[in-house]
Amino acid sequence: MDVKKLIEKYHKAHSEHPCCEGCGAVIQESDASDVEYVKTKRRSELFIHKGCVNEVWR
Ligand SMILES: [Zn+2]
């Protein structure tokens, strides 16, 4: 999955960059290699740093 493209798409759609669901930091395209993209039923799309995933889901 090309996370960088998904971040660009989010940026265009929302006029802002997504924030990490774990630590709240703004995620830039340059962070894509360290970011997981998750699609949920409740919230359409989430971006989470790989290092923050375990803090969110446990
Ligand atoms: Zn994070």
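Q: What radius of gyration does the protein chain have, with its 58 residues?
A: This is a predicted model, in which local features need pLDDT of at least 70 and side-chain atom pairs count only at pLDDT 80 or more, while totals for chains, interfaces and linings use all residues. Residues are numbered from 1 along each chain as its sequence is written, and side-chain values use heavy atoms, with hydrogens and water left out. For 58 residues, a compact globule (by the rule of 2.2 Å times the number of residues to the power 0.38, taken over C-alpha atoms) would have a radius of gyration near 10 Å, and this agrees with the value for the protein chain, 11 Å.

Q: In what order do the elements of the protein chain run from the N terminus on?
A: The protein chain holds two helices and two strands, which are DSSP runs of at least four residues (H or I) and at least two residues (E), respectively. Starting at the N terminus, these elements follow the order α-β-β-α.

Q: What is the arrangement of the four donor atoms around the zinc ion?
A: The protein donors (N, O or S atoms within 2.8 Å of the metal) are Cys-20 (SG), Cys-23 (SG), His-49 (ND1) and Cys-52 (SG), and they lie 2.1 to 2.4 Å from the zinc ion. Four donors count as tetrahedral when all angles lie between 85 and 135 degrees. Because the angles here are 100 to 120 degrees, the arrangement is tetrahedral.

Q: What spacing do the donors of the zinc ion follow along the chain?
A: Cys-20 and His-49 are both buried, that is, under 20% relative accessible area with a 1.4 Å probe, counting protein chains only. Along the chain, the zinc donors follow the spacing C-x2-C-x25-H-x2-C.

Q: How many residues apart are Tyr-10 and Phe-47?
A: There are two aromatic pairs, meaning rings with centres within 6.5 Å. Tyr-10 and Phe-47 form one that is edge-to-face (planes over 60 degrees apart), with 5.7 Å centre to centre and 85 degrees between the planes. This pair links distant parts of the chain, since Tyr-10 sits in helix H1 (residues 3-14) and Phe-47 in strand S2 (residues 46-49), and the number of residues apart is 37.

Definitions and conventions
Phe/Tyr/Trp six-rings, centres within 6.5 Å; stacked < 30°, edge-to-face > 60°. Donors = N, O, S within 2.8 Å, 3.2 Å for Na, K, Ca; no water. Tetrahedral: all angles 85-135°; square planar, octahedral: opposite > 155°, others 65-115°. Buried < 20%, exposed > 50% of the residue type's maximum accessible area, 1.4 Å probe, protein only.
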